[in-house]
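Work through the exercises below with the structure in view. Each task is followed by a solution in steps.

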Amino acid sequence: MTAYPATEDLDSPAARRAGAVLTIDLEAIKDNYRRLRKVLRPVTCAAAVKGNAYGLGAKQVAPALAKAGARTFFTVNLDEAIEIRSALKKTRPSADIFVLNGAGAGPVEEFIAGGFMPVLNSLGEVAIWSAAARRAGHGLAAALHIDTGMNRLGLPDNELDILAGEPERLAGIEVQYVMSHLACAEESGHELNGIQLDRFRQARARLPAAPGSLANSSGIFLGPDYHFDLARPGAALFGVNPTPDRPNPMRQVVRLQGRILQVRQIDAPQTLGYGATHRMAANSRVATVALGYADGFLRSLSNRASAWIDDKEVPVVGRVSMDMITLDVTGIAAGDAQAGGWVEILGPHQGVDALGEAGGTMGYEILTSLGARYHRIYLGG
Ligand SMILES: *Cc1c(COP(=O)(O)O)cnc(C)c1O
């Protein structure tokens, strides 16, 4: 079971200074990594840690993943790659770190100095990396990204044709993986999954032999055909359900608690908050809690989400403000909802997927929107 911070932590000066506390369970992340590895066995499990490890803190998360066994990490840009390298200095100094934005994401010398590998997304990038290898006088490692239907990054069909006909363009490049990325993996019945799988197999057959990598979190659950030699999960490591039409096989990783600043009695026919979007019933009580859209509690959750006080659901009423939300606590005993008390926003009652859905988005965006103002507590590691 997930351990949650004791009440003393919520009474700490740091928690009170911040007004809201984000608890990140590094043991749950490690456990999620092991669960994915079990599904993948014997295929290698990398970790996508872009976006500051999906908002949870690359500095803490990357070493935890390394301790669980991760050796390969995917970042978006060179700044992230540098940060991950530094975070892994003690636990995994020789980690393989790939940069998804590609060979144009920074000076070649900085890639080489840091030992970073670009994901080559076009023939132009292949040329850059091959020339860099020639200048360096030794081979340079990289991944080669083939577009199989996302139409976003990666070599399109015409560039794949050229490369298949002229494999010498890869001279000096040590292709660690030929990779592609699935567009609809979380919809297991989507026809594009099978189409991308076929295109990926065909592309690999036309290129010099190299290990393959196709699956993100959800792709892992499409079955072994999608696993190839390396999977690249991100979201599932951090508790997002990779199988939205089935129960979540992952452990929840984050808990978010907000402090009650004030509780007030409001009578009909008064309205609440900006825009007067909520009209109070007679004899209502409202708790004002110290987090808002500046903290990543999306404004689209106005009048739509809930929080919890112990096991009781309390609805968000009125607009979400920049720094506050208001909760209808009429049904809660006065002693259980008072200034200085805490409410649960994310936790056992409401995971990131549920909050994302309530806000018209998804768990990914809830995670990556988590604000910088929270007092962050890391469990384990
Ligand atoms: C973000 C990303 C991943 C990880 O995706 P999840 O859905 O979070 O598992 C894998 N591969 C690429 C190319 C990505 O951009």
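**Exercise 1.** How many Å separate a polar side-chain atom of His181 from a nitrogen atom of the ligand?

Solution. The model is a predicted one. Start at His181: a polar atom of the His181 side chain is 3.4 Å from a ligand nitrogen atom. Next, apply the cut-off: a polar contact needs a pair of N or O atoms within 3.5 Å. Then take the oxygen atoms of the ligand. Tyr54 places a polar side-chain atom 2.5 Å from a ligand oxygen atom. Gly234 contributes a backbone N or O atom, 2.8 Å from an oxygen atom of the ligand. Finally, consider the area: alone, the ligand exposes 390 Å², and 92% of that is buried by the protein.

**Exercise 2.** Describe the surroundings of the ligand.

Solution. First, count the neighbours: the ligand is surrounded by 13 residues. The closest are Lys50, Tyr54, Ser217, Gly234 and Tyr364. Second, sort the shell by type: seven residues are nonpolar, four are polar and two are charged. Third, locate the site: the ligand takes up the space of the largest pocket.

**Exercise 3.** Which parts of the chain does the aromatic pair of Phe74 and Phe98 tie together?

Solution. Begin with the whole structure, where a search finds six aromatic pairs. Phe74 and Phe98 form a stacked pair, with 5.0 Å from centre to centre and 15° between the planes. Now place the residues: Phe74 belongs to strand β4 (residues 72-75) and Phe98 to strand β5 (residues 96-99), so the pair ties together parts 24 residues apart in sequence.

How values were computed
Residues numbered from 1 in each chain as written. Predicted model: local features only at pLDDT ≥ 70, side-chain atom pairs only at ≥ 80, totals over all residues. Heavy atoms only, no water. Near = heavy atom within 4 Å. Polar contact = N/O pair within 3.5 Å; in protein donor to acceptor, adjacent residues only side chain to side chain. Areas by Shrake-Rupley, 256 points an atom, 1.4 Å probe, with all protein chains shown as cover. 1 Å grid on protein atoms, 1.4 Å probe; cavity = no way out; pocket = protein on both sides within 12 Å on 5 of 7 lines; lining within 4 Å. Sits in = over half its atoms within 2 Å of the grid points. Nonpolar A, V, L, I, M, F, W, Y, C, P; charged D, E, K, R; others polar. Phe/Tyr/Trp six-rings, centres within 6.5 Å; stacked < 30°, edge-to-face > 60°. Helix = DSSP H or I, 4+ residues; strand = E, 2+ residues; numbered from the N terminus.
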